[in-house]
Amino acid sequence: MSLVLGVDSSTQSCKVVVVDAAGAVVRAGRARHPDGTEVDPGAWWRALREAIADAGGIDDVAAWSIGGQQHGMVVLDGDGRVIRPALLWNDTRSAQAAADLVAEFGADQLARRTGLVPVASFTSTKLRWLRDHEPDHAARVAAVALPHDWLTWRLRGFGPAGESERGPVLDELVTDRSDASGTGYWSPADGAYDRELLVAALGHDAVLPRVLGPREWVEDSGGRRVGPGAGDNAGAALGLGAEPGDVVVSIGTSGTVFAVSDERTVDPTGTVAGFADADGRFLPLVATLNAARVLDAIARLLDVDHDELSRLALAAAPGAGGLALVPYFEGERTPNLPDATASLNGMTLASTSRENLARAAVEGMLGGLGAGLDALRALGVPLRRALLIGGGAQSAAVREIAPLVLGLPVEAPEPAEYVALGAARQAARICAS
């Protein structure tokens with residue numbers, strides 16, 4: 001029986017699944033990551049090894065692949081050493097750098113060239129911040145990797161001189177098209193790096209990971225096949241088996257809405273990020289700041305747990321008697337209203353009840369995510385079915401109310417580690433090729 005291993009190295013933790021030929025998880029492991037928006041990649045490396053050990057090791061697997069958080073900046077010197085802690089996707093210090101890049105090249109041109117309009121999340125803006133604020137560090141950069149690229153390189157046996165089996169061979173860095181498409185210097189249109197944009201960000205050229213196709217593979221030091229990996233959202237889509245017409249609505253602390261599409265999208269407003277997926281298609285994505293935290297806030301206000309919040313919401317009629325919650329508790333990214341606040345409208349003596357407030361919270365949260373669907377529709381992305389995942393999708397009220405608010409048939413797959421499962425599915429494919 002052939003076993004394969006899939007990894008999800010997320011912001012919070014590292015999850016590992018070992019899967020058999022039928023796709024069933026036979027064992028699993030996990031380890032925590034440190035908190036913060038600036039993290040020593042060595043902590044991820046330690047967590048990956050701990051999670052693999054917790055899952056029973058790697059010796060009996062035929063292939064493996066790593067999915068992980070997107071955009072994080074891992075900069076290496078010529079000896080393969082990490083120059084400074086990685087800046088993660090949620091580190092916002094590069095907001096001005098993003099504005100500077102847009103001012104230099106124009107939003108329309110950047111969207112055409114890379115599918116993205118820079119915001120602080122993307123790797124190019126973090127490199128520009130490094131150039132402007134830590135020029136000595138920037139000058140030492142010989143290679144730039146993303147979290148899953150660097151972990152793949154290390155697990156294959158490469159790394160700093162004297163600390164690895166195979167040495168600091170920077171040309172052995174590999175990535176995939178989904179993660180490359182979140183850098184701000186790779187083109188989904190032609191599948192090539194845009195070196196002019198890299199130099200504009202970092203100040204000079206550098207080694208970038210070779211972009212493998214969805215079914216290409218390399219080997220680790222033990223002769224096992226290694227897949228190209230994926231960014232976390234693309235990995236989740238692969239793990240879910242999402243197809244064109246499917247839109248994944250991920251309801252975590254924040255929200256993401258992403259669709260599998262045969263066609264590339266270009267959005268000069270920057271609302272929709274024109275990512276590639278892990279399967280040769282595209283993955284246009286919209287992010288929202290307010291998702292499950294909306295339910296958390298109203299549950300605290302009503303002094304109930306989430307099961308009771310769900311029961312209250314389902315006891316109210318659609319529309320919550322006219323009570324409407326605008327859910328921008330932490331500002332909002334879609335629409336781009338960073339200074340917005342939440343508000344409760346339509347309060348009357350009749351409408352102001354615990355049941356209606358719970359219903360308004362669910363409808364308001366889903367309405368915020370629905371703005372992401374509207375942005376995808378406006379670009380012509382076909383949407384036929386919504387797949388709800390994430391902690392917020394476990395609410396019975398969310399699952400029942402979602403079709404009414406989103407205007408689509410809705411399915412809520414069983415909770416699972418879909419990013420790790422997507423990586424395992426990729427490993428299984430290359431194992432069979």
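These legends walk through several close-up views of a predicted model.

View 1. Helix H1 covers residues 41–54, which makes 14 residues. From first C-alpha to last it reaches 20 Å, close to the 20 Å expected at 1.5 Å a residue. Look at the start of the helix, where a side-chain oxygen of Asp40 comes to within 2.9 Å of the backbone nitrogen of Gly42. Several members of H1 are buried, including Trp44, Trp45, Leu48 and Ile52. An α-helix has 3.6 residues a turn, so residues three or four places apart point the same way. After H1 comes Gly56, with a positive phi near 90°.

**View 2. Helix H9 and its crossing with helix H14.** Here H9 (residues 232–240) meets H14 (residues 418–432), with axes that come within 7 Å and cross at roughly 70°. The two helices are therefore roughly perpendicular to each other. On the H9 side, the contact is made by Asp232, Gly235, Ala236, Leu238, Gly239 and Leu240. Their partners in H14 include Tyr418, Leu421, Arg425 and Arg429. Sorted by class, this contact has 6 nonpolar, 4 polar and 3 charged residues. H9 is mostly covered, with 8 of its 9 residues buried; among them are Asn233, Ala234 and Ala237. Just past the end of H9 you can find Gly241, whose phi is positive at about 70°.

View 3. H10 (residues 292–302) and H11 (residues 306–315) pack at an angle of about 90°, and their axes are 10 Å apart. This pair is therefore also described as roughly perpendicular. Leu295, Asp296, Ile298, Ala299 and Leu302 of H10 meet His306, Leu309 and Leu312 of H11. The residues of this contact divide into 6 nonpolar, 1 polar and 1 charged. Now turn to the loop between H10 and H11, where Asp303 lies. Asp303 is not a glycine, yet its phi is positive, at about 60°. Asp303 counts as exposed because its relative accessible area is 70%, and the cut-off for exposed is over 50%.

View 4. Tyr328 sits in the loop that runs between strand S20 (324–326) and strand S21 (343–345). With a relative accessible area of 15%, Tyr328 is buried. Setting aside residues up to four places away in sequence, Tyr328 touches Asn290, Pro335, Leu337, Ala340, Thr341 and Ala342. Val294 is 34 residues from Tyr328 along the chain, and their C-alpha atoms are separated by 8.4 Å. Pro335 also belongs to the loop between S20 and S21. A cis peptide bond, with omega about 0°, joins Thr334 to Pro335. Most residues other than glycine have a negative phi, and most peptide bonds are trans.

**View 5. Ser94, a buried loop residue.** Find Ser94 in the loop between strand S7 (86–87) and helix H2 (95–105). Ser94 counts as buried, at 0% relative accessibility. Beyond its neighbours within four places in sequence, Ser94 is in contact with Ala120, Thr125, Lys126 and Trp129.

**View 6. His71 and its positive phi.** His71 is in the loop between strand S5 (61–68) and strand S6 (74–76). Phi of His71 is positive, near 80°, in a residue other than glycine. His71 counts as buried because its relative accessibility is 9%, and the cut-off for buried is under 20%.

Methods:
Residues numbered from 1 in each chain as written. Heavy atoms only, no water. Helix = DSSP H or I, 4+ residues; strand = E, 2+ residues; numbered from the N terminus. Expected span 1.5 Å × (residues − 1). Buried < 20%, exposed > 50% of the residue type's maximum accessible area, 1.4 Å probe, protein only. Polar contact = N/O pair within 3.5 Å; in protein donor to acceptor, adjacent residues only side chain to side chain. Axes fitted to C-alpha atoms, helices over the stretch in contact; angles between N-to-C directions. Parallel < 35°, antiparallel > 145°, perpendicular 65-115°, else oblique. Contact = heavy atoms within 4.5 Å. Nonpolar A, V, L, I, M, F, W, Y, C, P; charged D, E, K, R; others polar.
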